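Q: I would like to learn how to read a protein model one feature at a time. Could we go through it slowly together?

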Amino acid sequence: MDTPIGPPAWRERALVPVLVFLGTVVAVISSLGAPLVPTIATVDHVSLSDAQWSLTITMLVGAVATPVMGRLGDGPRRRTVTLAAAAVVVAGSVLAALPLGFGWLVVGRGLQGIGLGLTPLAIATARDSLPAEASRSAVALLSITTVAGVGLGYPITGLIAESFGIHAGFWFGAVISALALLLAALVLPATTHRRQRPLDTLGAALLGLALAGLLLVLSEGESWGWAAPRLWALAALAVLLLACWIRHELRTEHPLVELRTLRNRIVLTADVAGLVAGVGMYLLMSLVIRFVQTPASTGYGLGGSVVVAGLVLLPFSALSVLSSKVVPLLIRRTSTALVLPLGCAISLVSVLVFLFARGHLWELLVVMAIAGLGVGCTFAVMPGLIVAAVAADEVGSAVSFNQVLRYVGYSTGSALCGAVLQAHTAPGQLLPGNDGYRFAALISCAVWVVIGLVTIVLPRRAAVAAQVATVDEELMVDESIADIAPGEDEVPFSPARAES
């Protein structure tokens with residue numbers, strides 16, 4: 001399986017388009033269940049909270065699989081791991097598409113979640129297989145596919161389900177994932193030159209259980225009730241498992257995730273930004289989707305269908321992809337360090353527009369276009385920062401950990417939207433008041449302000465620390481030279497001579 005097929009020149013030209021297509025397919029499939037939750041509840045005769053598992057299970061499995069696949073992908077079997085994961089996604093898509101009942105649908109959606117770990121592997125492949133300049137642009141584009149694909153998945157799902165039924169959307173996922181698997185088998189290069197490292201099985205189990213618990217708390221908090229004892233017990237257990245995982249990772253010889261890389265403030269900045277930006281992104285997307293579908297009889301909603309709500313996200317996808325072309329220009333004119341806070345500022349503008357202008361459909365299209373540009377700029381820079389800051393054999397693991405933090409952020413943003421709107425729903429009413437959207441938008445503003453400040457402060461402190469270390473090193477060199485008394489044949493030390 002590790003022997004590439006096809007002419008090398010053709011394979012090299014096709015590598016980036018295939019990697020981008022693979023990442024986009026995974027993102028589209030992961031979002032397939034979101035607009036179909038009410039329909040699944042009706043067709044399979046389950047409650048809305050149970051139907052929500054068709055979306056939750058994908059994120060849960062993805063959070064567990066991503067770091068494991070990232071570590072496996074850092075070794076000599078990256079191509080094998082990638083193709084095997086893509087094959088599992090195809091199988092899951094077929095299983096979800098077949099009319100076998102709700103239980104098998106959930107199993108299929110869980111198998112599709114394996115695909116969420118493919119993007120870090122694609123980024124590591126681009127890093128290893130392309131020249132430096134080409135790999136930087138490819139990494140930025142691959143990072144954005146996770147954002148753009150979500151915006152594409154919603155309208156595609158709505159259109160297909162409305163025209164051909166609920167299972168047609170999953171058959172669409174099966175077809176495109178099978179095509180992605182075929183193309184990947186043709187062009188992915190082998191990585192047999194890489195050193196095999198043992199898999200940290202205990203670390204994978206601890207992290208998987210901790211993340212599953214946290215994501216379950218975030219996704220089920222609204223239906224269980226945020227004050228429910230079982231919710232808080234699960235949250236406490238998840239935090240305890242996470243603490244055990246951190247302790248284990250710092251002590252084991254071959255950790256699943258090299259947490260010591262977080263000492264590098266650039267890596268820390270990218271990871272914190274990924275987590276918090278994920279919260280801000282999904283909070284706004286969830287608000288817009290619910291606002292569009294709110295009946296006009298409430299006095300503030302637009303009364304749009306699932307298809308209309310999905311189409312509102314198209315500008316988000318389009319501008320996020322366009323940002324991959326804008327970011328290199330921004331970096332050349334400014335610096336990489338300025339792109340992150342600039343992206344956060346643009347995202348803040350999108351939330352402010354939503355806060356003050358959301359009464360018409362065209363206004364929401366503008367909101368999502370601005371949001372796509374801001375989020376695209378933010379996410380396009382993160383993998384590049386990580387790739388440049390860690391060793392080559394740590395890229396898959398480090399990028400996958402950043403991806404996991406994004407998934408946690410996505411779930412947090414979605415849950416936060418539900419919690420705020422539920423808190424502003426009057427007793428006996430099904431829909432929240434307009435104040436709920438206003439309050440949630442203010443929270444989103446605060447999120448983007450906080451992450452904007454973080455992306456300014458952390459890199460600056462890193463630069464100052466580097467300068468101090470350099471000065472200290474120079475002083476140590478000067479002192480060591482000054483301690484040597486010049487002999488008869490020696491020339492006394494001078495700074496000018498040292499510089500020369």
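Q: Which residue lies over the face of Phe379, and at what distance from the ring centre?

A: A charge sits over a ring if NZ of Lys or CZ of Arg is within 6 Å of the ring centre and within 35 degrees of the ring normal. Here Arg406 lies over the face of Phe379, at 4.2 Å from the ring centre, and in another case the charged end of Arg230 sits over the ring of Trp224, 4.2 Å from the centre of that ring. This is a predicted model, in which local features need pLDDT of at least 70 and side-chain atom pairs count only at pLDDT 80 or more, while totals for chains, interfaces and linings use all residues. Residues are numbered from 1 along each chain as its sequence is written, and side-chain values use heavy atoms, with hydrogens and water left out.

Q: How many aromatic pairs are there?

A: Rings of Phe, Tyr and Trp (its six-membered ring) pair if their centres lie within 6.5 Å, and planes under 30 degrees apart count as stacked, over 60 as edge-to-face and the rest as tilted. The count by this rule is six aromatic pairs. One of them is the tilted pair of Phe291 and Tyr300, with 5.7 Å from centre to centre and 35° between the planes. Ring pairs also link Phe291, Tyr300, Phe354 and Tyr437 into a cluster.

Q: Is Phe291 buried or exposed?

A: Buried means under 20% relative accessible area, exposed over 50%, and partly exposed in between (1.4 Å probe, protein chains only). Phe291 counts as buried because its relative accessibility is 1%, and Tyr300, with a relative accessible area of 11%, is buried as well.

Q: Where is Glu258, and which residues is Glu258 in contact with, leaving aside neighbours within four places in sequence?

A: Helices (H or I, at least four residues) and strands (E, at least two) are DSSP runs, numbered from the N terminus. Glu258 is in the loop between α11 (229-251) and α12 (265-293), and Glu258 counts as buried because its relative accessibility is 18%. Contact means heavy atoms within 4.5 Å, and, apart from those sequence neighbours, Glu258 is in contact with Arg71, Glu394 and Ser397.

Q: What does Thr261 touch, not counting residues up to four places away in sequence?

A: Thr261, which lies in the loop between α11 and α12, touches Val267 and Val390 when those residues are not counted. The C-alpha atoms of Thr261 and Ala389 are separated by 8.4 Å, although these residues are 128 residues apart along the chain.
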